[in-house]
Amino acid sequence: MKKFDKERALLAVAGPVIALAVAFALSAIVLLASGKNPVEPFALMFEQATFSDVQVLIVNQASMYYIAALAVAIGFRMNLFNIGVDGQYQLGAIMAAVVGAHMNLPAVLQIPLLLLTAVFTGAFWAGIAGVLKVTRGVSEVVATIMLNAIATSLIVYMWKPDVFGVKIGNNSTTGEMHESGWVPGIDMGEAGEIYGLVVLAALLGIGYWIVLNRTRFGFDLRASGASTTAAAASGVDPKRMVLTAMLISGGLAGLAGLPILLGDSHTYNLNFPTGIGFLGIGIALLGRNSPVGIAFAALLWAWLDKASPELDFYGYDKEIAVIMQGLIVLSVVVSYEAVREWGLRRQQRRVGAELAAGHVLGADNNSPKEVAGR
Amino acid sequence: MTAPTTATDVNQPSLQPAAPTGRRMSWPVLLLVVAGALALVSIVRIITGADGITNVSQMSTALQLAVPIGLAGLGGLWAERAGVVNIGLEGMLILGTWFGAWAGFQWGPWTGVLVGIIGGCLGGLLHAVVTVTFRVNHIVSGVAINILALGATRYLAPLAFEGHQGGSAKQSPAIEPLGHFTVPGLSDALRDLNAKGWFFVSDIAGLLGGLVTNVSWLTLIAVALIPATWWILWRTAFGLRLRSCGENPVAAESLGVNVYKYKYLAVIISGGLAGLGGAFLSIVANPFYLEGQVSGRGYIGLAAMIFGNWMPGGLAIGAGLFGYTDSLNLRGGSTNVHALLLLGALLLLVGAIWLAVRKKYVHAVVTLLVGALVFAWYAGTNEVPNQVVAATPYVITLVVLALSAQRLRMPKADGLPYRKGQGG
Amino acid sequence: MTAVELAGITKRFPGVVANHDIHLTVRKGTVHALVGENGAGKSTLMKILYGMQKPDEGTIAIHGETVSFSSPADAIARGIGMVHQHFMLADNLTVLENVVLGSEKLYGIGAKARRKIKEISERYGLGVRPDLLVEELGVAARQRVEILKVLYRGATTLILDEPTAVLVPQEVDALFDNLRELKAEGLSVIFISHKLGEVLSVADDITVIRRGTTVGTAVPAETTPRRLAEMMVGSELPTPETAESTVTDRAVLTVDKLRLLAPGGKALLDDISFTIHAGEVLGIAGVEGNGQTELVDALIGLRHADSGVIRLADEEITGWATRKRREEGIGYIPEDRHRHGLLLEAPLWENRILGHVTEKPNAKGFWLDPKAAQEDTRRIVRQYDVRTPGIDVTAASLSGGNQQKLIVGREMSHRPRFLIASHPTRGVDVGAQAAIWDHIREARREGLAVLLISADLDELIGLSDTLRVIYDGRLVADADPATITPEELGSAMTGAAAGHLEHEETPETPAGAGKTGAGAPGSAADAPESPEDEAR
Amino acid sequence: LSACGGTSTSSDSDGSKSDKGLAIAYDVGGRGDQSFNDAAYAGLQRAEKEFGYETADVEPTDGETDADKEQRLASLAKQGYNPVVGVGYAYAAAVKGAAEKYPDTTFGIVDDSTVEMDNVADLVFAEEEASYLAGVAAAETTKTDVVGFIGGVDIPLIHKFRAGFEQGVKDTDPGVKVVSQFLTQTAEEGGFSSPDKGKAAAEGQIEKKADVIYTAAGLSGQGAIEAAAANKVWAIGVDSDQYAQEALAKYKGSILTSATKDVAKSVYKLAQSVEDKAPRTGILRGDLSTGEVGLANSNPVFADNAKLQDVIETAKKKIVSGDIKVQSS
Ligand SMILES: Nc1ncnc2c1ncn2[C@@H]1O[C@H](COP(=O)(O)OP(=O)(O)OP(=O)(O)O)[C@@H](O)[C@H]1O
Ligand SMILES: Nc1ncnc2c1ncn2[C@@H]1O[C@H](COP(=O)(O)OP(=O)(O)OP(=O)(O)O)[C@@H](O)[C@H]1O
Ligand SMILES: [Mg+2]
Ligand SMILES: [Mg+2]
């Protein structure tokens, strides 16, 4: 992978680009079928992306998508499906909000304290699924679905006035956090403010890459994802790895709600965005679990989110953006798969050529079943 | 059934991976367990006076709430038995609600049911194309289908429903009811028996009463689909072929089975079942389509299926559990669930005794302690917070899975990509 | 009368021509053997005959009639049945279900089918019980189910792709008796095997293919294993070298009263004790499934002993984790390289790191050192002759033999004190096999202790300094490889003999007999010259 | 990072500022929720008809943040709409932000009183007062001395309905028991949009002998009303006069009355004040005295029951005069 391979690089880019084009085309067909102008909505949405205030919105939203998707991706990297990011980030955020409202340390301590609170909460919640998986063999998919639902109840419980709840108007909140826990944003003047924790998201992305690709632990984790059995034979304790990955994933997930919590809302209330964890799944997939890919995917998704409301003003249904999100995921994964197979075939052709060039004893038998399997 | 070595099999090694012990519960044992559980519930009812936990209406509500979950789960079962994981059930349910209502308000409820099934099938077909033909990761495809179905129905709802009487951008016009039945004498008799409050007998009467009181025809069909699925999958050549695609598609292929065909069929049927579940929601449970109506039932259906060990009977129990706890919750949750605390404590006590008999003393003590805590909670309060009530079905599922997951067994090639001509 | 005639068959895969202008004629009522190196294209050819692959060129004629198959169903309808190299059975279905699958029209899927299965089973003495789950069966029983599957469909032409690879000699004999009976009934059999002795004993005709094309035919009476092998390889075989004993008295690995229990409480391993010294190869013979896998798992640390002690040199390692064991010098060549030895989708250099991620040159402390790892991978590729265009290709795109060479190279690079070699040459062709043996022997000379597990009795006898037989989780017998024959070993493996196996002198079967032994006593085998012979 | 391009609200400046009127931005649920979103829309339609100006109504997206809402409001203000109303307390932060940016535009927010600015009108309602009256009516009507309350979602807004109702019942007849039930914890689970859940809950309460059931659960209420009709007990509707609702015509005989909350009127009044160049701002509380909350009188059985009406009228007077303080949680 080191040596630059033009054809390969071209294909890596061509895959998503073709997929996007297909997705746009299909959406245009949907528009046409419903008797609407198939081009104008896209023109409008592209135009939105040129406005600085919309850009700020996109970046802010993308930062949360990004963290959530990283959390999902680290699970995917070892074949764990952490569907529970949704519950984990919400719990992480509410705990941070509660701590932030009741503790008041200097900012240099307060902010790390809040970050840690969120990390530990998320990790704890994911850890339950992890423990159930390693000790009792419970599928993490089901366990995290259940834990999401339980998290909802827990949050509503924490909102109760005799627990941590503070009613403001008709809104349930956890009370305003102390200012020492607010993370100052990057002022963009007219356009608004970029959340300070966007920086954290970027750092997490870099950290994710380094840990996965440059550390022993990362190697073990990837090995476990590629083949549990081979990893075990190589000395990875599979149970410990599952638990660790789940904890890391949950810890990351815990942070996903903090950009808005510490950067804007400063309390956890009924308006706190939900569903980011589920979107994170789609975004991680789009970004192929790579930190750069996820960044693009998160921005793309946020753009569709933020640019589509404008359509309402022009008589289009903005749901077309949701349709597009679905189509994009589908066509992108299909094209990824096609590209992957193409790459594999190409490689085998190269190996075949090599073997043909060698003599006599090089040729070997095959068991394509294993080749195709994971 | 499992005595691997016999006199004739001299060379048969006796150390083959032994089949997981006790994997298959025999019918009598299963019945005994169910009866035991019911007896416990009955005791709890009598002690706590929470008659609500086993009465006829409770059970009939539970049944109604269980139907869409069960149908989604059945859909999951069909797909996974053929080796395709279907997390897109949620989306297929959504399609079912929309299509069902769309056809239902115009051409009557039965047409609605049919079209709802077709809507689900479309979702299934898409999933099949993406996972079987393009071999995309099944979870990925499912997630995408969920997003797409949500977007598509939202986009289409205003176009189809706005401007019709009672319709809006988020709601379809009302659909004629499908009709339901109550078995005349039986229902009342069971109801009376149930009202007597006798130990065990009344509880059974409640359970059975729920099955014959105010049952929609569609519910009947849904219930019938459980044994039907079992029969088709385990007793017909078609089912054998379908299952073989989930266990070892290459072997199936080597015997001339068209694996693609069966996978396609299974996933389409899976979508159809989910679609039926959706139609149930938008025609029977409510007489109209409403945005957000499905609210996660697809995922719960999937959980019920795993809970049920990829078997129709187990799935029915799983769906029933969700339906039951849901209905407990809706029908005066706090007191009912409070009564369940006692049940939990009793169960833990039984568990502790069992562990002690098996000489796992540490486990037994821990279990006993937890049981005592639950009992203390029960004794010290009169009600549980609403939040506990809402979380109950999920907590129960987790606990049950934690106790039984190691015995679960999914189809061997479930979720794996398959390509024709790969057989070695 | 020809049962099958394949003419001019050509099949191309991306980058490989698997079959090129192959001709094959099978007479009715005969056993026709097909031999060739790994990857020569035998299985591909058979899959074409069976309708699983479509030929790019060429024709197939069955009983003189030209046919074209688009799926196995067509072939089955023409009376062709195939027992595949890798079992084609669904573990979680019953034997009955596996047998009737795809041919439900014949006798349904119920009682009638069950009766028919029992009938066939009795008639051919297969001893198959229809209602067991396949996962409960051992390898030999699975093999018989496969054969039953074919017979159930009323096949007149049987393809058996390496049916004997997993069988012990006695089982091979039983199989051959079955084949002869089938032949007598007028069925035709196509038989593929790497064990040339077997081939010579059972076949009526032999076709040799090399690198995808027919290079000749032979009549068993007129050829020797060595000549066959040379036809397969297309050149003179290397003459085996003599090796002296290098056994020292320094114990490297000591196992004492090892016991391992299954979840149900049944003992998988019981009372296992042995010592391996520096420079010694300890061979374990046994029918698959008698505890070999568990023993290896216990030694590498994938499972932990329920009682007993394992010692590496002077240290007790019973409680150590796998990683620690590997760091302290236990090397591991796994039985199933795809499951335990490789990350198929990862590049070669990452596979070089696998299992040694904490060691130099792969890591510097906490950090990976990809540069050094890549450099060292290049060295392994060179030194161990791994045929690959580069170290960035995925392991999956390498052929099995080359994958195995990479694994051996990786394990040897860390200078292990003790090596677990589990079927180190399974499915590897003659040339690569010899190279792998050389590497093991060389390391042995430098004081490596080796635990060798192999189903290839010749390999076992040829390479080991000491032999033990495992049966039902216990070491039931030991033998001296210098004198023992595969047959004698085979009978101990079935539990028929125990204790110290003494060789009974039969002059014409010298020690270390080649591939000829099994099932072919007194055949035309020219033992000392047999290709994979290991003279000691 | 540097902002490239102008902001969406500064770049294009098609000056048609003056001629636009009321704009509303919906809360989750949007148009068609048969609740306050629809009511706000009714107010908008009335304003549009009477003032003959251009209006706008915009839907929210799922999982949006305060910033998105602010963007939406700002965009409306920027296009020249005045007043701009955010429907639902969720708009609190957004209204505050947008009002700062557009001091010349009047903003309104429904169901929230926390935004105190010169150009913001907080349109809040004393739901608890109407609910109190509903409680009085229920306590007077019940024969079994058990009445039920069904709330859609367990949130403060709905707690107000319950608190008022319970107080009304208790004050009228301490012997009457109130059973209450929330359908779901969060709106995402469908508490406001699941008639089947409403029905199950109502059936459960009826089994516990409740014979008057007050439902504050949006669309889910339809199911409760259906169950009440089927079991021949009384239902009390909410928000609008459900006796008059087309969708419920089949069951109207069982709808005793409805606790109304006239969002339409207060939205309209805000638009009117802006049209009259005298924008009303500050906290504009709709209560019994202003008539923006109350009990519907369209069911003749209810309206003609003189004794009942008497009691209610007395209670109403006491509330208006301040003799009775109705709790809101
Ligand atoms: N699915 C496939 N698609 C393309 N080429 C394949 C496929 N499967 C196998 N090959 C080719 O076959 C060759 C042999 O592959 P394989 O790994 O199966 O070796 P093998 O010798 O059969 O392994 P083993 O000895 O373990 O059975 C590879 O070089 C590869 O190019
Ligand atoms: N599905 C496939 N895709 C690509 N290449 C393949 C495929 N199957 C086989 N090959 C190639 O064809 C060659 C011949 O394979 P085949 O399996 O027929 O060998 P074989 O003679 O049966 O070997 P063995 O003795 O190991 O069984 C392999 O080396 C491999 O390169
Ligand atoms: Mg092979
Ligand atoms: Mg082969």
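**View 1. The salt bridge between chain A and chain D.** Across the interface of chain A and chain D of this predicted model, the rule finds one salt bridge. This salt bridge is formed by D:Asp68 with A:Lys306, whose closest N and O atoms are 2.4 Å apart. On the side of chain A that touches chain D, the elements that give two or more residues include helix H3 (52–76), helix H6 (140–158) and helix H14 (309–312) of chain A, and H3(A) gives the most, with seven residues.

**View 2. The extent of the interface of chain A and chain D.** In this interface, 34 residues of chain A are in contact with 40 residues of chain D. The area buried between the two chains is about 3000 Å², and carbon and sulfur atoms give 58% of that area. Of the area that chain A buries against chain D, A:Asn170, A:Asn271 and A:Phe313 supply 22%, more than any other three residues.

**View 3. An open sheet in chain D.** The six strands of this open sheet follow the order S7-S6-S8-S9-S10-S12 in chain D, and their pairing is mixed. Strand S7 (177–184) and strand S12 (293–295) stand at the edges and have a single partner strand each, so one side of each is left without a neighbour in the sheet. From one strand to the next, the twist averages 15°. Strand S6 (residues 146–153) and S7(D) pair in the parallel sense over seven bridges, and D:Gly151 has D:Phe182 in S7(D) as its bridge partner. Helix H4 (residues 127–141) of chain D lies across S6, S8, S9, S10 and S12 of chain D, and runs at about 10° to S12(D).

View 4. Strand S11 (residues 251–261) and strand S14 (residues 307–312) of chain C run antiparallel and are joined by five bridges, with C:Asp256 standing opposite C:Val309 in S14(C). S14(C) is also joined by two bridges to strand S15 (residues 315–316) of chain C, again in an antiparallel arrangement, and here C:Arg311 has C:Glu316 as its bridge partner in S15(C). S14(C) and S15(C) form a hairpin with two residues between them, and C:Ala313 in the turn has a positive phi of about 50°.

**View 5. The surroundings of C:Ser464.** C:Ser464 is found in the loop between helix H17 (457–463) and strand S21 (466–471) of chain C, and counts as buried because its relative accessibility is 0%. The side chain of C:Ser464 reaches the backbone oxygen of C:Leu460 at 2.6 Å, while a polar atom of that side chain lies 3.5 Å from the backbone nitrogen of C:Gly283.

Note on methods:
Residues are numbered from 1 along each chain as its sequence is written. Chains are lettered from A and ligands numbered from 1 in the order in which they are written. This is a predicted model: local features need pLDDT of at least 70, side-chain atom pairs count only at pLDDT 80 or more; totals for chains, interfaces and linings use all residues. Side-chain values use heavy atoms; hydrogens and water are left out. Helices (H or I, at least four residues) and strands (E, at least two) are DSSP runs, numbered from the N terminus. Buried means under 20% relative accessible area, exposed over 50%, partly exposed in between (1.4 Å probe, protein chains only). A polar contact is a pair of N or O atoms within 3.5 Å; within protein, one must be able to donate a hydrogen and the other to accept it, and residues adjacent in sequence count only if both atoms are side-chain atoms. Two strands pair if DSSP finds at least two bridges between them. Axes are lines fitted to C-alpha atoms, for helices over the stretch in contact, and angles run from 0 to 180 degrees between N-to-C directions. Contact means heavy atoms within 4.5 Å. Buried area is the accessible area (1.4 Å probe) that two parts lose on being put together, summed over both. A salt bridge is a side-chain nitrogen of Lys or Arg within 4 Å of a carboxyl oxygen of Asp or Glu.
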